[in-house]
Amino acid sequence: MDNLSSLSYFVPELFLSAAILIIIIVDLLLKEERKIWTGFLSAAALIISTFLIFQQYRLSASEIFHGMLVVDSMAVLIKLIIAVSTTVIILFSLPFIKTKSEYYMLLLITTLGMFLMAGVNDILMIILAMELVGLMSYVLAGFTKRNLLSNEGSLKYILYAATSTGVMAFGFSYLYGMTGQTNLFKIQQALLANPPQQAAFFIVMILILAGLGYKIAMVPFHFWLPDVYEGAPTPITAFLSVGPKAAGIAVLIRFFTTVVSHSAPGAALSFLQNLQVHIPMLLAVLAVLTMTLGNVVALRQTNIKRLMAYSSIAHAGYMIMAMVVFNAQGYQAILFYLIVYLFMNFGAFWVIIIMTQKLGSEEIDAFKGLGYRAPYTAVSMAIFLFSLTGLPPLAGFIGKFYLFSAVVKADWYVLALLGVLNSVISLYYYANIVREMFLRTTETQVDIPVSLYDKVLLTLMLVPTVLFGIYWNPVLRLTEISFNILR
Amino acid sequence: MNSIIPYLIVGAIVFVLGIFTIVYKKNAVGILMGIELVLNSVNINFIAFAKFVDTGIHGQIISIFVIILAAAEAAIALAIILNIYRMKATVDVTQLNKMKH
């Protein structure tokens, strides 16, 4: 499709770009004490773009801008998840960041980058979109300029991220050399027509996985994550744990459905190259390593943000596990899990944000006796943590159920077993926080006041976490209409 | 030269040198230079392939974008490094270990 007629497929992104420019101008006109209005404007812009994204379900799946991007229903769903997650993060940040409007602009630009990541279809767009998200995230991670931890996390983030992006781009350069194409569909056709040398293709795949794996924190490339999560301002930690991860998963799925496998009629999975190394087996090993490392290291964490960092590595592992099956059911389970993960993870992070602020400490010990000092918050936290573990009847259970059933149906019994064992390990450290909150008491039982705004946001996260555990059909329908991947 | 091989060898050597710089340097600015080397090796590869494999100029366009990305990345990284230097008076990454557990 040519550039001019592509524009009607590009409405949410265009709207968001215009909104960013308008907010920058509005910021110049506002006085210091009114800067918070840029936050309200950003939230409004995101809500409008959510509606615009919903409209895109009516469009037929197609390539736009001469094949640079695609608009298909998977891209639309990922964009929805991203828009909702950024809206929630802006609501989380409003009470704390009142005078710095750059913060909201950076969040919006990151969101724009993630929208592009959801629909990438060209080597150039993959590199550009990932860098747009990355560059803004480094600044956001180091946003508290006077805090050394924040800066340290930010420096580690940019050094790791730039290296992985460089390695990934190097892999892409060889992929381009093998095929002479940059469009992913054309690369697929070229690879089918002229199969390249096996070893070279394998090396290319590993190099590219280094870049994509860093984005979703797959195990050999996860080193940056704990430090960044601990150092960054807590709302940004929450932001990094859902939005960029969803976008990274989208790019990973696109890469695997075009360059690595192809949809042959009749066969469940067929690969472009019959490599000596079985690709699903490679992914399965990486998935098991990712979740085991995340869960085991989380066991001995005392800082709650660092614990959530390792827990987010473990959850990335569960999602990679479903990617192993290479069929629509697996991808659908991943999309379902992303939706559920958004609510339960943000809920847990919101409790951490308000409580670390009030208690003045990020240690798990500080949560001691919270069940008696702020009952509603503590009970909600317990529900979020049990949902993250995957206990019924909460949303996390349903999400994990679909992930595991996709894996079991494709006869990966050992992988599913290891996944379940990992969930059991994760119960220990999540339950430890609950134990601190309810079974331990402090000498001074002073009530912690929680404002109405905090409670409303908490309930907004709590309702889907409980509801999707009992009545999840609408979400399932949404993922069913959304796994149409253009390939 | 009418062969692609010399270009690819140079590209690979620059890439490996970049990775070694990233791994062995302790100075944050040094690591940043390693990253620049890696990105430049990417550019060499893309341009070589654009000349010898592709019928169009896709590779050359990508390399222009990669140059811009490298500049943007360096700008942000140097800003962060400068900020850390103001607080700690060092840019040695081994000294930045407040969060190791």
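On the face of H19(A) that is turned away from its buried side lie the exposed residues Leu452(A), Tyr453(A), Val456(A), Thr459(A), Val463(A) and Ile470(A). Here a residue is exposed if 12 or fewer other C-beta atoms, placed from the backbone, lie within 10 Å of its own, buried if 20 or more do, and partly exposed in between. The model is predicted, so local features need pLDDT of at least 70 and side-chain atom pairs count only at pLDDT 80 or more, whereas totals for chains, interfaces and linings use all residues. Residues are numbered from 1 along each chain as its sequence is written, and chains are lettered from A, with ligands numbered from 1, in the order in which they are written.

**Helix H19 of chain A**

- The buried residues of H19(A) are Asp454(A), Leu457(A), Leu458(A), Met461(A), Leu462(A), Thr465(A), Phe468(A) and Gly469(A).
- These residues lie on the same side of H19(A), because they cover an arc of only 145 degrees around the axis, the arc being that of the directions from the helix axis to the C-beta atoms.
- An α-helix has 3.6 residues a turn, so residues three or four places apart point the same way.
- Among the elements that cover the buried residues of H19(A) are helix H4 (73–93), helix H14 (328–359), helix H16 (375–389), helix H17 (395–409) and helix H20 (473–480) of chain A.

**Lys245 of chain A**

- Lys245(A), which is found in helix H11 (residues 234–260) of chain A, is buried, with 24 other C-beta atoms within 10 Å.
- Leaving aside neighbours within four places in sequence, Lys245(A) is in contact with Ile216(A) and Ala316(A), contact meaning that the C-beta atoms of two residues, placed from the backbone, lie within 7 Å.
- The C-alpha atoms of Lys245(A) and Ile216(A) are separated by 5.1 Å, although the two residues are 29 residues apart along the chain.

**Chain A as a whole**

- Chain A has 20 helices and four strands, which are DSSP runs numbered from the N terminus (helices H or I, at least four residues; strands E, at least two).
- Of the 487 residues of chain A, 59% count as buried, and residues 24 or more positions apart account for 80% of its contacts with a separation of 6 or more.

**Chain B as a whole**

- Chain B has three helices and zero strands, following the pattern α-α-α along the sequence.
- With a radius of gyration of 17 Å, well over the 13 Å that the globule rule gives for 101 residues, chain B is more spread out than a compact globule.
- Buried residues make up 33% of the 101 residues in chain B.

**Where the chains meet**

- 36 residues of chain B are in contact with 34 residues of chain A.
- On the side of chain B that touches chain A, the largest share, 17 residues, comes from H3(B).

Technical notes: The radius of gyration is taken over C-alpha atoms; the globule rule is 2.2 Å times the number of residues to the power 0.38.
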